[in-house]
Amino acid sequence: STPLYSSAASDVYKRQLTKSTIGSQKDQIATVRGLGLRKLNSHVILDFTPAISGMVKKVEHLIKTEEQ
């Protein structure tokens, strides 16, 4: 069976919180926190997994993604 995603080194992304979560829905705020983003302009480096991908899609209007 083939994996749903590859774990190649190029599947690492830098996520940065670019917009405030003030006024956002509670589940979106929880998703941002779950990604490890706390303050405005904070960033984390995360692998590409289906779970992370879904979280990013939910709050893509608040964050910026760059490939590492």
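The legends below describe close-up views of a predicted model of one protein.

**Figure 1. The elements of the protein run β-α-β-α-β from the N terminus on.**
The predicted model contains two helices and three strands. Of its 68 residues, 29% count as buried. The protein exposes about 4,700 Å², and carbon and sulfur atoms supply 53% of that area. Contacts between residues at least 6 apart in sequence can be sorted by how far apart the partners are along the chain; 74% of them join residues at least 24 apart.

**Figure 2. Three strands form an open antiparallel sheet.**
The order of the strands in the sheet is E2-E1-E3. Strand E2 (43-47) and strand E3 (63-67) are the edge strands, and each of them pairs on one side only. From one strand to the next, the twist averages 25°.

**Figure 3. Strand E1 is joined by bridges to E3 and to E2.**
Strand E1 covers residues 12-17 and runs antiparallel to E3, with five bridges between them. On this side, glutamine 16 stands opposite lysine 64 in E3. Five bridges also join E1 to E2, and these two strands run antiparallel as well. Here the bridge partner of lysine 14 is isoleucine 45 in E2.

**Figure 4. Strand E2 has a covered face and an uncovered one.**
In a regular strand, side chains alternate between the two faces of the sheet. In E2, Val44 and Leu46 make up the covered face. His43, Ile45 and Asp47 make up the uncovered face.

**Figure 5. Histidine 43 is found in strand E2.**
The relative accessibility of histidine 43 is 46%, so this residue counts as partly exposed. Leaving aside residues up to four places away in sequence, histidine 43 touches Lys14, Arg15, Gln16 and Leu37. Histidine 43 and lysine 14 are 29 residues apart along the chain, yet their C-alpha atoms are separated by 6.7 Å.

**Figure 6**

**Figure 7. Tyrosine 13 and phenylalanine 48 form an aromatic pair.**
The structure holds one such pair. The ring centres of tyrosine 13 and phenylalanine 48 are 6.4 Å apart and the ring planes are at 65°, so the pair is edge-to-face. Planes over 60 degrees apart count as edge-to-face. Tyrosine 13 lies in strand E1, while phenylalanine 48 lies in the loop between E2 and H2, so the pair ties together parts that are 35 residues apart in sequence. Phenylalanine 48 has a relative accessible area of 30% and is therefore partly exposed.

Key: Residues are numbered from 1 along each chain as its sequence is written. This is a predicted model: local features need pLDDT of at least 70, side-chain atom pairs count only at pLDDT 80 or more; totals for chains, interfaces and linings use all residues. Side-chain values use heavy atoms; hydrogens and water are left out. Two strands pair if DSSP finds at least two bridges between them. Helices (H or I, at least four residues) and strands (E, at least two) are DSSP runs, numbered from the N terminus. Axes are lines fitted to C-alpha atoms, for helices over the stretch in contact, and angles run from 0 to 180 degrees between N-to-C directions. Buried means under 20% relative accessible area, exposed over 50%, partly exposed in between (1.4 Å probe, protein chains only). Contact means heavy atoms within 4.5 Å. Accessible areas come from the Shrake-Rupley method with a 1.4 Å probe; for residues, only the protein chains shown count as cover. Rings of Phe, Tyr and Trp (its six-membered ring) pair if their centres lie within 6.5 Å; planes under 30 degrees apart count as stacked, over 60 as edge-to-face and the rest as tilted.
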